[in-house]
Every structure is written in C-alpha cells, then in structure tokens.
Amino acid sequence: MERRWEPDGPLDVELALGPHRRGTGDPAWRRTPDGSVWRTCRTPDGPSTLRVTVTAGSVHAQAWGPGAGWSLETLPALLGALDDVSGFRVRHDVLADVARKHAGLRIGRTGRVMEALVPAVLEQKVVGREAWRAWRHLLRHYGEPAPGPAPDGMRVAPEPAVWRQIPSWHWHRAGAEAVRARTIANAAWHAAKLEAAATTEELDRLLRALPGIGVWTSAEVRQRVFGDADAVSVGDFHLAKLVGYALTGEKTDDVGMMRLLEPYRGHRHRATVLIWLSGVRPPARGPRMPARDYRSF
C-alpha cells in the first residue's frame, strides 16, 4: 500500500521519526543509503513495516503487513501534522538560531503505548548503550520478522502477552535486571487499558499508578505516544545540567530546570529538544559512565 502526503509547512522527517530510534542497530528502525527511513510498528490491526521518503517536500510512504492501512492512515500524525507550534516563542537568544535552522522540527505521535514504554523502562537508570543492547536482544529473540521487503534484521516488537511470558533467565541474558523486567511484564498485563488512554493526562495517571513507572518514564512515553510538547523528562541524568548550561552558562538541577523552562510552558519538551539540537554542552569533568553488563552478575 502507498500514500503521498503534502505537509502544510517545513518538515524534517528524520527529526520527527528520530525519537523512535533506540540506538544504532535498532531492529525496529533503519535509515538506508537512499535516504529512506524504515520503521516497524505493532498496530491495532497487526504488524506493519513503513518506509518513508521525501522528494521535493512531498512525503511518499509505503507500508506492508496486516497493519499497513493503519500505518498509512496515521502517517501525518506520526510526522507531526497535529503538532501545534503556534504558541511557541523563543525566550533565549541561544535558541533563536537553532529554531530557525530547524524550522521543520515537529513532534509526532504514534498512538502506540507499549512500543514506547518497553524501551523507556529499559533505559531507566542506565546508560543508553546498555538499554539499547537489551532492546536489540529482546526483539531479535521475541519479535516477529518485519513484513514486506524490509532491510535484513528488522523486527516488530512482540505482543503484550509475549512480554508477560519472557522467563527471568532470558531477561538476565538480555542484560535487564529483575526490577525492570517486572515493570515491563506488569505493564503488559494492563496494556489494553494503557493503549485505550484518550489523552496524555489520562495516560500519565495510568502509567504512574503502575509500580516502577515514575515521572521520567511517563514523560518519555507521552512524548512519543501523544506528541506531548510539554512533557519534560524530569529525573534525566543529563537533561537538567544541559538546560541550565545552555540557558545560563551554569549547570542546574531538576527544580532549576523547570524554573528556567517556565516561560515555555506548553512547549517545555520542545524547548529541551531545541536545546539538545543547539549543540551547547557543559564541559566534561570526567570519563563517560561505562555500560554495565548485568549478564555477568
């Protein structure tokens, strides 16, 4: 199945789809040399593979699998067509140039909770490389082959029932300790209710009622599921320092970060994305945190 779509303004497709990529080698996301972005999704109708290319500002999408129709129908939302940027105003000089440079930044929405929740839980309190290694391992062993002519090795994330049944020893082999494994398995029991959430506020309430899911995880999920431009990842190891340094020249904590972001209320997540894109970073004070390997424990 195919679809062409004309966005009504500037659009950077890779920025819109980038948040759904979980590190290099993500079996559910691929960028090929021809500039295409491939993405798999477990839609309400079943697995789907989506290929997106852009030519002269026009988006061309192809989809395969039982969920192909759903993927093409929701394509504009995925690429940020519902992202309302009208109330966003740059309040700091450091963001003025980056906002102009990335005028095509749009925060899209997938509408799929579990595909955002599982990797977010895997990323709790660990470095990205460690979480992404676990995500790759689990998809390769429990995911389904991507429908259609997808690049080699692409997989579709498993159904909630599969996440519930993964044995403890295989979570360990993936590098995820018991706490994160239990959090994912428990969330999978409530997947139907989570997927049915109608608003970002309702999803926040449902997620934070589950053991092991707090403010940070909820924000990471809602940014992707609902395209919530105001959901700040409070509790992130790097974010507060990054925001503080970019906006004031000094690192800060979560309380200070939220105070600095207050002028962007309604678009606070968007502001943090622009800060990341600005490339402004505090000077390194020591070696990078190493990736632990729970498989050896």
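The helix α12 is followed by Gly 227, whose phi is positive, near 60 degrees. Helices here are DSSP runs of H or I with at least four residues, strands are runs of E with at least two, and both are numbered from the N terminus. The model is a predicted one, in which local features need pLDDT of at least 70 and side-chain atom pairs count only at pLDDT 80 or more, while totals for chains, interfaces and linings use all residues. Residues are numbered from 1 along each chain as its sequence is written, and side-chain values use heavy atoms, with hydrogens and water left out.

Ten of the eleven residues of α12 are buried. Buried means under 20% relative accessible area, exposed means over 50%, and partly exposed lies in between, with a 1.4 Å probe and protein chains only. Among the buried residues of α12 are Trp 216, Glu 220, Val 221 and Arg 222. Their cover includes α5, α11 and α15 (268–278).

The loop between α12 and α13 (239–248) holds Asp 228. Asp 228 counts as buried because its relative accessible area is 13%. Its side chain is joined to that of Arg 222 by a polar contact of 3.1 Å. A polar contact is a pair of N or O atoms within 3.5 Å; within protein, one must be able to donate a hydrogen and the other to accept it, and residues adjacent in sequence count only if both atoms are side-chain atoms. A polar atom of the Asp 228 side chain also lies 2.9 Å from the backbone nitrogen of Asp 230. Leaving aside neighbours within four places in sequence, Asp 228 is in contact (heavy atoms within 4.5 Å) with Thr 200, Arg 222, Gln 223 and His 269.

Val 221 of α12 leads on to the largest nonpolar core. A nonpolar core is a set of buried Ala, Val, Leu, Ile, Met, Phe, Trp, Tyr and Cys residues joined through side-chain atoms within 4.5 Å. The largest one has 36 residues, and those that touch the most other members are Leu 117, Leu 122, Trp 163, Trp 171, Leu 194, Leu 203 and Val 221. Two or more residues of this core come from each of α5 (114–122), α6 (128–142), α8 (168–174), α9 (178–189), α10 (191–195), α11 (200–208) and α12 (215–225). The largest share, seven residues, is that of α5. For Leu 194, contacts beyond four places in sequence are with Val 113, Leu 117, Ala 187, Leu 203, Leu 206, Leu 207 and Leu 210. Another core, of 18 residues, lies apart from the largest one and includes Phe 88, Val 98, Ala 99 and Ala 240.

Two residues of the loop between α5 and α6 can be set side by side. Val 127 lies in this loop and counts as buried because its relative accessibility is 13%. Lys 125 is also placed there, but counts as exposed at 82% relative accessibility. Most residues other than glycine have a negative phi. Lys 125 has a positive phi, near 60 degrees. Ala 56, in the loop between β4 (46–55) and β5 (58–64), has a positive phi of about 50 degrees. At 83% relative accessibility, Ala 56 is exposed.

On a 1 Å grid over the protein atoms alone, a cavity is a set of points where a 1.4 Å probe fits but cannot get out, and a pocket is an open set with protein on both sides within 12 Å along at least five of seven lines; lining residues have an atom within 4 Å of a point. Grid points are joined across faces, edges and corners, and a volume is the space filled by probe spheres set on the points. There are two cavities of 30 Å³ or more.

The largest cavity holds about 150 Å³. Its lining has 16 residues, of which His 20, Ala 28, Arg 39, Glu 115 and Trp 135 lie nearest the centre. The largest share of that lining, four residues, comes from β3. The second largest cavity holds about 90 Å³, and its lining includes Arg 39, Cys 41, Trp 70 and Arg 112. Here too β3 gives the largest share, three residues.

The second largest pocket has a volume of about 170 Å³. Phe 88 and Ala 99 are among its lining residues, as are Arg 106 and Arg 270.
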